[in-house]
Amino acid sequence: MSGTERIKKVCVIGASGKLGQYMVRHALERGYEVVGVCRERSVPKLAAFEGRMEIVPGPTNDPEVIRRAVAGCDGVLTVLVPWGVQQYSSGTAQAVLDHARPGARLVFSCGWHISRDGQDRYSRLFRAGVGIASRLGKLVRAIEIEDQVEACRRIFASDTRWTVVRGSSLEEGESQGLPVWSRHVGDPVLASDLTRRVDFALFMVEALVDDALVQEAPAIVGRLAPSALAHAPTAHGEPR
Ligand SMILES: NC(=O)c1ccc[n+]([C@@H]2O[C@H](COP(=O)([O-])OP(=O)(O)OC[C@H]3O[C@@H](n4cnc5c(N)ncnc54)[C@H](OP(=O)(O)O)[C@@H]3O)[C@@H](O)[C@H]2O)c1
């Protein structure tokens, strides 16, 4: 059975955010049945989808909320949030790993700063940016980047059918199509460090049916970004 035939019902965890709403849209366009999880106060942000999706309100790191939401789902799309100071990301990831049905496709979002194997090569500017965000975040108790690292450590160690999609810097705008990806930040194809948010969501949803991405942590960049145009393989698969 192909990946496409397996997917009928998907859960979007963090559905009310910008990335989440794009994922809901792509999933509905594919004819999937969609369940979304978001904080109670954010439910109105999903008004545009009323009648077309089920919503389970609640904190995404609550195992009981996640257990109810992922029941019967063939795929789970999770926004790992670098927010909050109460292990929000790792709690969310753990709940998904614990409660999704065995064999379900689990796709998680994060940023380039996550490294699976330590082989990523970051520019000095990038490192400085992450360092400042991490320190400032702690200071104002708003961002907890280390917890996204912990969430991904647990995902990488699991034997589920996971994919961790590592997003570059993001911008809004019309879709340019499926982003290109590479295993390591620092690879020339990724140098432009820019992806449309709508296409980040597209990559997440497409990953549900791409078995080549199982237990991979692709770092992505927009397919029309200059570095992608210069270095992505041609339509026939040969490198340029
Ligand atoms: N922004 C970037 O430049 C960038 C770059 C690379 C990768 N990424 C990745 O892309 C994904 C989406 O990020 P985004 O920046 O585009 O934001 P986003 O899609 O708007 O998502 C933000 C999420 O955080 C939740 N949230 C906000 N404040 C919260 C709080 N205090 N407690 C709990 N949840 C809270 C939001 O839920 P509510 O709707 O309930 O507020 C929403 O689900 C993340 O995995 C991020 O690591 C982002």
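Helices, here DSSP runs of H or I with at least four residues, are numbered from the N terminus. In this predicted model, R127 belongs to helix α5, which covers residues 124–139.

View 1. H113 stands 14 residues from R127 along the chain, and the C-alpha atoms of the two are separated by 8.2 Å.

**View 2. The whole protein chain.** The chain has eight helices and ten strands. Its C-alpha atoms fill a box of roughly 45 × 45 × 35 Å along the principal axes.

**View 3. The shell around the ligand.** How many residues surround the ligand? The number is 24, and the closest are S16, G17, L19, S42 and G167. Two or more residues of the shell come from each of α2 (18–29) and β5 (105–111). Sorted by class, the shell holds ten nonpolar, ten polar and four charged residues.

**View 4. The largest nonpolar core.** In soluble globular proteins, nonpolar side chains tend to be buried together. The largest nonpolar core in this model has 68 residues, and V10 and V76 are those with the most contacts inside it. Helix α7 (residues 197–207) gives the largest share of this core, eight residues. With neighbours within four places in sequence left aside, V76 is in contact with V10, C11, I13, V70, V96, A100, A104 and L106.

**View 5. Helix α7 within the structure.** Is α7 largely enclosed or largely open? It is largely enclosed by the rest of the structure, because nine of its eleven residues are buried. The buried residues of α7 are V198, D199, F200, A201, L202, F203, M204, V205 and A207. A residue is buried if 20 or more other C-beta atoms lie within 10 Å of its own.

**View 6. Strand β1 beside strand β2.** Strand β1 covers residues 9–13, and four of its five residues are buried, so the strand is mostly covered. Strand β2 (residues 33–38) runs parallel to β1, and five bridges join the two. One of the residues to look for is K9, whose bridge partner in β2 is E33.

**View 7. Two loop residues with positive phi.** D193 lies in the loop between β8 (180–182) and β9 (195–196). Its phi is near 50°, a positive value in a residue other than glycine. D193 has 18 other C-beta atoms within 10 Å and is therefore partly exposed. Q215 is found in the loop between α7 and β10 (219–221). The phi of Q215 is near 60°, again a positive value in a residue other than glycine. Q215 counts as partly exposed because it has 14 C-beta neighbours inside 10 Å.

Definitions and conventions:
Residues are numbered from 1 along each chain as its sequence is written. This is a predicted model: local features need pLDDT of at least 70, side-chain atom pairs count only at pLDDT 80 or more; totals for chains, interfaces and linings use all residues. A residue is near a molecule or strand if its C-beta atom, placed from the backbone, lies within 6 Å of it. Ala, Val, Leu, Ile, Met, Phe, Trp, Tyr, Cys and Pro count as nonpolar, Asp, Glu, Lys and Arg as charged, and the others, Gly among them, as polar. A nonpolar core is a set of buried Ala, Val, Leu, Ile, Met, Phe, Trp, Tyr and Cys residues joined through C-beta atoms within 7 Å. A residue is buried if 20 or more other C-beta atoms lie within 10 Å of its own, exposed if 12 or fewer, and partly exposed in between; C-beta atoms are placed from the backbone. Two residues are in contact if their C-beta atoms, placed from the backbone, lie within 7 Å. Two strands pair if DSSP finds at least two bridges between them.
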